[in-house]
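Me: I have a model open and want to learn how to read it. Please take me through it one feature at a time.

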Amino acid sequence: MEEKVLNFKFPKFKEMIVFEDDDLIVVNKPPFIASLDEREGGEINILRMAKQYHKDAQVCHRIDKETSGLLLIAKNPETYRAVSIEFEKRRVKKVYHAIIGGTHVFEDLKVDLPILNLGNKNVTIDKANGKLAETWFKSLMYFKHYTLVECRPVTGRMHQIRIHLATQHASIVGDSLYKGKPVYLSQIKRGYTLSKGQEELPIMRRFALHARSLTFTINGKDYSFEARYPKDFATLLKQLERFDS
């Protein structure tokens, strides 16, 4: 059964797969679907879908429910262990793309503010008690009021990219937890009017973060993957190119 969120229809698991061999499945995760079981109950998630597809499937890492993009799934315990070690040793090269509020020129900006996990999906910057966190940022495309940014997290703390960008006064659009504001067409398109009584919805109904690429080596074999933008992210970029450049 397909579950709808904000009129969002989840694709079938097979349609998410960007690569598969005897050991690995790589998916381009849509937004609004959890990587793992978040709580008891029937909520759809990638792990559950993967296990229906391949009974020994294990999700190797997680990305936020609202974040789209690449997720690695091991088909056997050996591969799961090998991939986990690569993540632990920080040898997996992860690249995310984010659309942020404001025009920001980041030329390999390093942010290494320690992050403290407060529990209940809340984190804060805490130089005394936080854990080491390191992210590199590079601006890719400039608009009048927004910037497309490449984010390269070295560590994997919860909300790391989101909170590190917020410390630079560059919150991800739509990320209300970190004071990021959604983008409305009326803000960027001149002469845009709503019909009477119509409520305007943001162009993108989540925060604009996408896990773009992953590069790593296991058992002497090199892997490199890239995930195309989902429809909502691509639409926001297209509208910014048209009306905000």
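Me: What volume does the largest cavity have?

Reply: First, the ground rules. This is a predicted model, where local features need pLDDT of at least 70, side-chain atom pairs count only at pLDDT 80 or more, and totals for chains, interfaces and linings use all residues. Residues are numbered from 1 along each chain as its sequence is written, and side-chain values use heavy atoms, with hydrogens and water left out.
Now the general idea. On a 1 Å grid over the protein atoms alone, a cavity is a set of points where a 1.4 Å probe fits but cannot get out. Grid points are joined across faces, edges and corners, and a volume is the space filled by probe spheres set on the points. Here the largest cavity has a volume of about 50 Å³. The count of cavities of 30 Å³ or more is 1.

Me: Which residues line the largest cavity?

Reply: A lining residue has an atom within 4 Å of a point. The lining consists of His-61, Ile-63, Leu-70, Lys-94, Val-95, Tyr-96, Ala-211, Arg-212, Ser-213 and Leu-214. Strands are DSSP runs of E, at least two residues long; helices are runs of H or I, at least four; both are numbered from the N terminus. Strand S7 (93-101) and strand S13 (209-218) each supply at least two lining residues. The largest share, 4 residues, comes from S13.

Me: Now the pocket. What volume does the largest pocket have?

Reply: A pocket is an open set of points with protein on both sides within 12 Å along at least five of seven lines. The largest pocket has a volume of about 1,000 Å³. It is lined by 34 residues, and the closest to its centre are Arg-62, Ile-63, Gly-156, Arg-157 and Met-158. Helix H3 (77-88), S7 and H4 are the elements that give two or more residues to this lining. By class, the lining divides into 13 nonpolar, 9 polar and 12 charged residues.

Me: Is helix H4 largely enclosed or open?

Reply: Check burial residue by residue. Buried means under 20% relative accessible area, exposed over 50%, and partly exposed in between, with a 1.4 Å probe and protein chains only. In H4 (residues 160-167), 6 of the 8 residues are buried, so the helix is largely enclosed by the rest of the structure. Those buried are Gln-160, Ile-161, Arg-162, Ile-163, His-164 and Leu-165. Just after H4, His-169 takes a positive phi of about 55°.

Me: Which side chain does the side chain of Thr-155 make a polar contact with?

Reply: A polar contact is a pair of N or O atoms within 3.5 Å; within protein, one must be able to donate a hydrogen and the other to accept it, and residues adjacent in sequence count only if both atoms are side-chain atoms. Thr-155 reaches the side chain of Gln-160 at 2.8 Å. Thr-155 sits in the loop between strand S12 (146-153) and H4. It counts as buried because its relative accessibility is 3%. A contact is heavy atoms within 4.5 Å. Leaving aside neighbours within four places in sequence, the contacts of Thr-155 include Arg-90, Lys-94 and Leu-132.

Me: Where does Asp-126 lie?

Reply: Asp-126 is in the loop between strand S10 (122-125) and strand S11 (135-142). Its relative accessible area is 16%, so Asp-126 is buried. A polar atom of its side chain lies 3.0 Å from the backbone nitrogen of Ala-128. Beyond neighbours within four places in sequence, Asp-126 is in contact with Pro-114 and Leu-116.

Me: How many bridges join strand S9 to S10?

Reply: Two strands pair if DSSP finds at least two bridges between them. S9 (residues 115-119) and S10 run antiparallel, joined by 4 bridges. Gly-119 stands opposite Asn-122 in S10. The two strands form a hairpin with 2 residues between them, and Asn-120 in the turn has a positive phi of about 55°.

Me: How many residues of strand S4 are buried?

Reply: In S4 (residues 24-29), 6 of the 6 residues are buried, so the strand is largely enclosed by the rest of the structure. Strand S3 (residues 17-20) joins S4 by 3 antiparallel bridges, and the hairpin between them runs through 3 residues. S4 also has 6 bridges to strand S6 (residues 68-74), again antiparallel. There, Asn-28 has Leu-70 in S6 as its bridge partner.

Terms used. Ala, Val, Leu, Ile, Met, Phe, Trp, Tyr, Cys and Pro count as nonpolar, Asp, Glu, Lys and Arg as charged, and the others, Gly among them, as polar.
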